[in-house]
Amino acid sequence: MSGRTTGLTPPEDSKAPVRHPDAPAPGETLGAHYDQCFGCGHQPGGLGLTTRAGEGVSVTAEFTVRTGHQGAPGLAHGGVLAAALDETLGSLNWLQRVIAVTGRLETDFVRPVPVGAELHLEARVDAVHGRKIYCSATGRIDAPDGPVAVRAQALFIEVRVDHFIENGRTEEIDAALADPDQVRVARAFEVNP
Ligand SMILES: CCCCCCCC/C=C\CCCCCCCC(=O)SCCNC(=O)CCNC(=O)[C@H](O)C(C)(C)COP(=O)(O)OP(=O)(O)OC[C@H]1O[C@@H](n2cnc3c(N)ncnc32)[C@H](O)[C@@H]1OP(=O)(O)O
């Protein structure tokens with residue numbers, strides 16, 4: 001494989017990631033950041049990913065590949081696997097108590113993942129440089145120490161809650177702002193949503 005793109009290499013003066021003092025304890029399940037999220041929300045056709053806090057600034061998640069996730073017969077679609085990686089990486093927000101969105105996601109597909117397989121995902125923050133959060137993730141087949149099927153390196157960029165309010169469709173934004181549970185989630189990431 002050729003070398004990594006420079007966009008994913010942390011600058012030399014990057015800082016080590018810091019786990020927020022109020023972050024969920026290791027082993028604690030992290031809720032959905034948005035009930036209609038394709039990755040972590042509760043909706044038919046979504047991934048239904050449940051993520052748990054790990055040690056340091058890391059998370060784990062499991063994702064079972066279902067028939068609706070196929071690309072080739074009996075195998076998971078690469079875009080679905082990338083979405084599972086992206087969502088797991090996005091859950092790192094809970095541990096840092098910042099809101100960050102994916103700026104760049106580079107995925108290595110190492111092994112085909114059959115329907116019925118349970119993908120064991122692990123993600124961590126590697127370095128932080130201002131608003132830029134450098135992180136990586138791995139997905140293994142059927143066990144936390146199973147064969148590696150997918151890997152990702154990513155750059156997440158910290159944003160304010162206004163990022164969603166200014167860019168999201170009004171219908172969903174208005175509903176989110178009127179939902180006390182959603183506002184509570186936003187407050188968990190940001191003091192003044
Ligand atoms: C109403 C209630 C709301 C409730 C909210 C509930 C709480 C939600 C909580 C948590 C949500 C988490 C959701 C996780 C879901 C899973 C993750 C996803 O799938 S997220 C979706 C996919 N991603 C996008 O849609 C981003 C689209 N892109 C953008 O919006 C912009 O491009 C953005 C924000 C990423 C950056 O734009 P800029 O204008 O803010 O910043 P600039 O100046 O361009 O970049 C900052 C630095 O980052 C580098 N950078 C940016 N993009 C890069 C890239 N692609 N590659 C390399 N470097 C990049 C730049 O070079 C710059 O670096 P230098 O500071 O100059 O050193």
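Start by selecting six elements: α1 (78-90), β4 (100-109), β7 (148-158), α3 (162-167), α4 (170-177) and α5 (180-189), each of which supplies at least two residues of the shell around the ligand. Keep in mind that this is a predicted model.

Next, select the ligand and its surroundings. The shell holds 28 residues, and those that come nearest to the ligand are G7, G90, V101, G103 and R104. Colour the shell by residue class: 15 of its residues are nonpolar, 8 are polar and 5 are charged.

Now colour the chain by domain. Domain 1 covers 16-158 and domain 2 covers 160-193. With this colouring on, return to the shell: at least three of its residues come from domain 1, and at least three come from domain 2.

Then select the contact between them, to which domain 1 gives 7 residues and domain 2 gives 6 residues. On the domain 1 side, the residues that touch domain 2 divide into 4 nonpolar, 2 polar and 1 charged.

Finally, select residues 74-138. An unreviewed UniProt entry gives this span the feature "domain: Thioesterase".

Key: Residues numbered from 1 in each chain as written. Predicted model: local features only at pLDDT ≥ 70, side-chain atom pairs only at ≥ 80, totals over all residues. Near = placed C-beta within 6 Å. Helix = DSSP H or I, 4+ residues; strand = E, 2+ residues; numbered from the N terminus. Nonpolar A, V, L, I, M, F, W, Y, C, P; charged D, E, K, R; others polar. Domains from an automatic or database assignment. UniProt positions renumbered as here; feature names shortened; annotations may be inferred. Contact = placed C-beta atoms within 7 Å.
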